[in-house]
Amino acid sequence: MGLCLESGYTSLNKKNEELCGDKVETIVNGDYTTLVLADGLGSGVKANILSTLTSKILCTMVANGIGIEACVETILQSLPVCKVRGVAYATFSVIHMNREGKGYLFEFDNPQAILMRDCKCRDLGRTEMNILGKTVYRSDLDLKEGDVLVVMSDGVIHAGIGMTLNFGWQRPEVMAFLDRVAEPDMTAPCIACLLAGACNDLYMDQPGDDTTVAAVRVRE
């Protein structure tokens with residue numbers, strides 16, 4: 001049996017918003033799967049447009065083998081600029097990986113990705129890159145069967161702020177939660193759903209921010 005990549009995601013809309021400001025786009029091209037999670041500035045329609053543009057452009061470029069710098073420059077130069085804040089803003093996490101678990105991840109302003117190996121969370125090594133004055137982090141991926149890579153929007157680490165928790169749910173708590181619930185045969189969609197569900201509980205079913213979790217798993 002060969003290996004393959006399984007992916008899945010779950011999004012929660014900010015309360016009272018019909019559209020989600022986060023967007024996940026996936027393209028499978030030959031051996032490679034490209035997954036982009038983008039989070040548009042603010043919420044509602046504008047955020048939805050920003051994240052949709054970002055995820056579609058990035059996913060298409062990366063899937064077609066265009067380099068990270070060119071991809072990020074295209075995004076930074078093509079998003080419409082917000083008149084009030086003077087920034088065109090969508091944060092993103094991009095996974096580009098083949099069936100053998102080899103590839104790369106790059107991240108701009110989203111919470112740091114989490115690698116789950118043997119049902120335990122760990123950090124990936126990261127290299128800092130400067131692209132048009134923005135800091136983008138790159139991680140080289142070499143995953144093995146059973147590994148899961150989890151990316152998320154900042155609604156995850158803001159969950160529960162001022163409601164059930166004073167300072168929200170920080171990354172160590174997210175990792176501790178995943179360590180507690182992970183089972184060896186859990187699918188990627190299941191892991192994404194569990195983490196998003198825990199965030200929804202912390203928000204007491206009224207998410208204060210768009211919240212998205214996406215996971216990619218290497219499996220038989």
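User: How many disulfides does the structure hold?

Analyst: This is a predicted model, in which local features need pLDDT of at least 70 and side-chain atom pairs count only at pLDDT 80 or more, while totals for chains, interfaces and linings use all residues. Residues are numbered from 1 along each chain as its sequence is written, and side-chain values use heavy atoms, with hydrogens and water left out. A disulfide is a pair of cysteine sulfur atoms within 2.5 Å, and by that criterion the number of disulfides in the structure is 0.

User: How far from C190 is the nearest cysteine sulfur?

Analyst: C190 is partly exposed, at a relative accessible area of 30%, where buried means under 20%, exposed over 50% and partly exposed in between (1.4 Å probe, protein chains only). C190 is in no disulfide, and the nearest cysteine sulfur belongs to C193, at a distance of 7.0 Å.

User: Is C193 buried, partly exposed or exposed?

Analyst: C193 is likewise in no disulfide. With a relative accessibility of 44%, C193 counts as partly exposed.

User: Which residue in β3 is the bridge partner of E25?

Analyst: Strand β3 (residues 32-40) runs antiparallel to β2, and 8 bridges join the two. Within β3, the partner of E25 is V36.

User: How far apart are the end C-alpha atoms of helix α1?

Analyst: Helix α1 covers residues 44-63, which makes 20 residues. The expected span is 1.5 Å times one less than the number of residues, so α1 should span 28 Å, and the distance between its end C-alpha atoms agrees, at 28 Å.

User: Which residue just after α1 takes a positive phi?

Analyst: The phi in question is about 80 degrees, and the residue that takes this value just after α1 is G65.

User: Where is D109 found?

Analyst: D109 has a positive phi, near 65 degrees, in a residue other than glycine. D109 is partly exposed, with a relative accessible area of 44%. Its place is the loop between β5 and β6 (114-117).

Definitions and conventions
Helices (H or I, at least four residues) and strands (E, at least two) are DSSP runs, numbered from the N terminus. Two strands pair if DSSP finds at least two bridges between them.
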